[in-house]
Amino acid sequence: MGLIKNTVHYCCVSRDNQILYSYNGGDQTNESLAALCLEKSPPFHTWYFETIGKRRFGFLIGDGFVYFAIVDEVLKRSSVLKFLEHLRDEFKKAARENSRGSFTAMIGSINVEDQLVPVVTRLIASLERVAESSSNNELKSSNLCEQSEGSNSTKAPLLGRLSKQEKKKGKDHVIELEEHRKSNDRGNRTDDSAGAGTSLEKESVSSRGRSVTQSFEWKWWRLVQIVLAIDAAICLTLFGIWLAICRGIECTRS
């Protein structure tokens, strides 16, 4: 497979909406599209990406310069960001080599295109190799998935037609499995019945225990009531005798 071409449709370096260097992949509409994007450069951002349709728009902003690119959506943001960072470094390097004064003061009068053309061409080629490697990895993953699905789907046909003896063995095996299942079901029902019987026995024992406890409590409370009644009768009898001896409350008078 050859290199994936036209992954970078456009890139440029601008300052104050003035394009200092640009690369166009061949479509003239890229120029007007880039101009509109640069007018709307996001403020307060060091870098920014936006994907519309099948194209990704990337901005790298710093020191009053905007490094902008229009690329294919197959390229990852991290790869495009590295591309813009290399473009920034190479642009600053070329500007410094061609300027005799302040970099920011002389940048508008410096012609750096001759130096940047081979550099940008090399950067674009490197970015396309990254896109090709990513595409190949995705293709290999897809092929592995297809092979795995294909190997799974061909297991049944590879068995071929079963002979009569094999079919009979299969039927016998099915009958054995069915009998084994029925036997297990009977065993499970027996276990369930035994479990239910055990549960009922436990409930019966528990019920008898509660009945015995309630009967004991009732008898005890009945005995307490009888003792209290006897005590009350004795106390009343003694009080009556005392009243009779003392003729009322005369014994309490001095």
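1. Ile226 lies in helix α6, which covers residues 164-245, and this placement, like everything else in this note, is read from a predicted model. With a relative accessibility of 43%, Ile226 counts as partly exposed, because that class lies between the cut-offs of 20% for buried and 50% for exposed.

2. Ile226 also belongs to a nonpolar patch on the surface, whose other members are Ile230, Ile234, Leu238, Ile241 and Ile245. Taken together, the residues of this patch have about 590 Å² of accessible area.

3. Where does Ser79 lie? Ser79 is found in helix α2, made up of residues 77-98, and it is buried, since its relative accessible area is 15% and the class of buried residues takes in values under 20%. When its neighbours within four places in sequence are set aside, Ser79 is in contact with Leu127 and Val130.

4. How many disulfides does a search of the whole structure find? The search finds 0 disulfides. Cys11, accordingly, is in no disulfide, and the nearest cysteine sulfur, which is that of Cys12, is 7.2 Å away, whereas a disulfide would need a pair of cysteine sulfur atoms within 2.5 Å.

5. Is Cys11 buried or exposed? Cys11 is buried, with a relative accessible area of 0%, while Cys235 is exposed, because its relative accessible area is 52% and the cut-off for exposed residues is over 50%.

Key:
Residues numbered from 1 in each chain as written. Predicted model: local features only at pLDDT ≥ 70, side-chain atom pairs only at ≥ 80, totals over all residues. Heavy atoms only, no water. Patch = residues over 30% accessible without salt bridge, like charges linked within 9 Å, V, L, I, M, F, W, Y side chains within 5 Å. Areas by Shrake-Rupley, 256 points an atom, 1.4 Å probe, with all protein chains shown as cover. Salt bridge = Lys/Arg side-chain N within 4 Å of Asp/Glu carboxyl O. Helix = DSSP H or I, 4+ residues; strand = E, 2+ residues; numbered from the N terminus. Buried < 20%, exposed > 50% of the residue type's maximum accessible area, 1.4 Å probe, protein only. Contact = heavy atoms within 4.5 Å.
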